[in-house]
Amino acid sequence: MRRVTIRDIARMAHVSPGAVSLALNNKPGVSEQTRQRIVQVADSIGWTPSAAAKALSSSRASSVGLVLARPRASIDEEHFYFSFICGVEQVLNEHKQAFLLQMVDDVNEEAAVYRDWWAERRVDAVILVDPRLEDPRPDVLTALGMPFVSVGRHFSSGSAVVVEDSTMSMALDHLAAEGYTSVAYVCGLPSLQHTTDRVAAFREHALRIGMDARISNYTNYSEDAGAHETGALLQSQARPDAIIFDNEILTIGGVSALTRHGLFWPDDVAVLSLEDSPLCRVSSPSITALQRDPASLGAAAARLLLEGGDREVVHLPPPELKIRASTKRAH
């Protein structure tokens with residue numbers, strides 16, 4: 001059925017649309033008798049104000065936005081963002097705020113979404129994720145005057161929720177303790193700040209503890225990319241005896257490559273994921289992984305955005321290393 005509009009009410013009450021707007025928004029300009037007649041007509045035909053109209057009248061959308069600018073293959077099956085979004089929505093629901101999610105291909109499209117949302121008053125603020133090395137988004141949001149909280153990096157113009165990232169040292173120390181000496185890292189997108197940080201931490205800590213370290217080509221976090229880069233490592237002259245994968249989807253691609261090459265984990269190559277998920281737990285053998293709580297991260301970001309406060313940076317507990325069969329050597 002067609003949505004009832006202010007013009008419909010005006011026609012039935014024999015007044016102008018302007019008079020209907022004044023009456024329904026409880027503003028001066030119409031008599032009390034006319035106001036009551038307009039309200040009665042509106043009630044009788046089931047009129048409700050649209051979300052856009054309410055936002056325009058109050059200058060608030062009661063909505064928070066999140067834009068994911070990644071190749072779709074990198075988030076279709078990834079556990080992290082599903083859990084992160086659940087954490088965001090839980091807090092927003094408690095505060096009676098709506099949640100607006102959009103996926104785009106790159107940060108230029110993301111910036112365009114912010115401009116559209118702000119011009120249309122569709123959101124009051126946004127959560128900024130996946131910090132880039134040279135990130136244009138904070139300047140775009142600051143120029144718009146759109147409030148935001150960034151996750152993973154503190155920008156001078158916005159607040160940040162930061163996970164304490166001791167992940168790489170935890171992973172390498174465990175592998176070294178199990179007797180592995182040559183480790184490769186299958187990493188993610190080169191434009192992401194956390195990829196650069198993890199690559200640097202991998203090299204530095206491997207050097208510190210005397211492990212031979214190699215970096216794969218950058219990937220788009222897809223299963224196919226994990227399989228391709230693992231295959232290349234396995235065919236190299238000096239095959240690593242352990243591989244660290246940036247997330248669970250790359251890990252699944254990696255173990256499929258091991259299977260195709262007739263290799264077993266951990267007998268031939270140890271496997272460790274920097275993100276845990278049911279895929280790691282049900283794999284056979286099960287896969288050692290760093291277990292973090294993306295839902296708590298999302299909730300902390302939403303809470304900081306809505307409640308504010310004196311703290312600009314919230315540090316969450318470091319992840320827990322879940323040691324499973326894929327890295328356990330028979331001693």
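Guide: Helices here are DSSP runs of H or I with at least four residues, strands are runs of E with at least two, and both are numbered from the N terminus. The model is predicted, with local features needing pLDDT of at least 70 and side-chain atom pairs pLDDT 80 or more, while totals for chains, interfaces and linings use all residues. Residue numbers start from 1 along each chain as its sequence is written, and side-chain values use heavy atoms, leaving out hydrogens and water.

The protein chain comes to 13 helices and 12 strands. It has 331 residues, and 48% of them count as buried (under 20% relative accessible area with a 1.4 Å probe and protein chains only; exposed is over 50%, partly exposed in between). Take contacts (heavy atoms within 4.5 Å) between residues at least 6 apart in sequence: 70% of these join residues at least 24 apart.

Let's go for α11, residues 248-260. With 13 residues at 1.5 Å a residue, α11 should span 18 Å, and its end C-alpha atoms sit 19 Å apart, which agrees; the expected span is 1.5 Å times one less than the residue count. Which residues of α11 are buried? That list runs E248, I249, L250, T251, G253, G254, V255, A257 and L258. The cover over them includes the helices α5, α10 and α12 and the strands β6, β8 and β9.

Start with α10, residues 223-234, which packs against α11 at an angle of about 45° with the axes 7 Å apart. The axes are lines fitted to C-alpha atoms, for helices over the stretch in contact, and angles run from 0 to 180 degrees between N-to-C directions. So α10 is oblique to α11 (under 35 degrees is roughly parallel, over 145 roughly antiparallel, 65 to 115 roughly perpendicular, the rest oblique). The α10/α11 crossing is right-handed, meaning the near helix is turned clockwise from the far one by less than a right angle. On the α10 side the touching residues are E223, A225, G226, A227, T230, G231 and L234, and α11 brings I249, L250, I252, G253, G254, S256, A257, L258 and R260. Sorted by class, that gives eight nonpolar, six polar and two charged residues; Ala, Val, Leu, Ile, Met, Phe, Trp, Tyr, Cys and Pro are nonpolar, Asp, Glu, Lys and Arg charged, and the others, Gly among them, polar.

Now walk off the end of α11. In the loop between α11 and β9 (270-273) you find P266, and the peptide bond into P266 from W265 is cis, with omega near 10°. Past that, the loop between α12 (278-282) and β10 (288-291) holds P285. Here too there's a cis peptide bond, from S284 to P285, with omega near 0°.

How do α5 and α13 pack? Their axes come within 6 Å and cross at roughly 40°, with α13 covering residues 294-307, and the crossing is right-handed. The contact uses F80, S83, F84, G87, V88, V91 and L92 from α5, plus P294, A295, L297, G298, A299, A302, R303 and L306 from α13. That set divides into 11 nonpolar, three polar and one charged. K96 is exposed, at 72% relative accessible area.

What they cover in α9 is Q193, T195, R198, V199, F202, H205 and A206, its buried residues. Helix α9 (193-209) has 17 residues and reaches 24 Å between its first and last C-alpha, close to the 24 Å expected.
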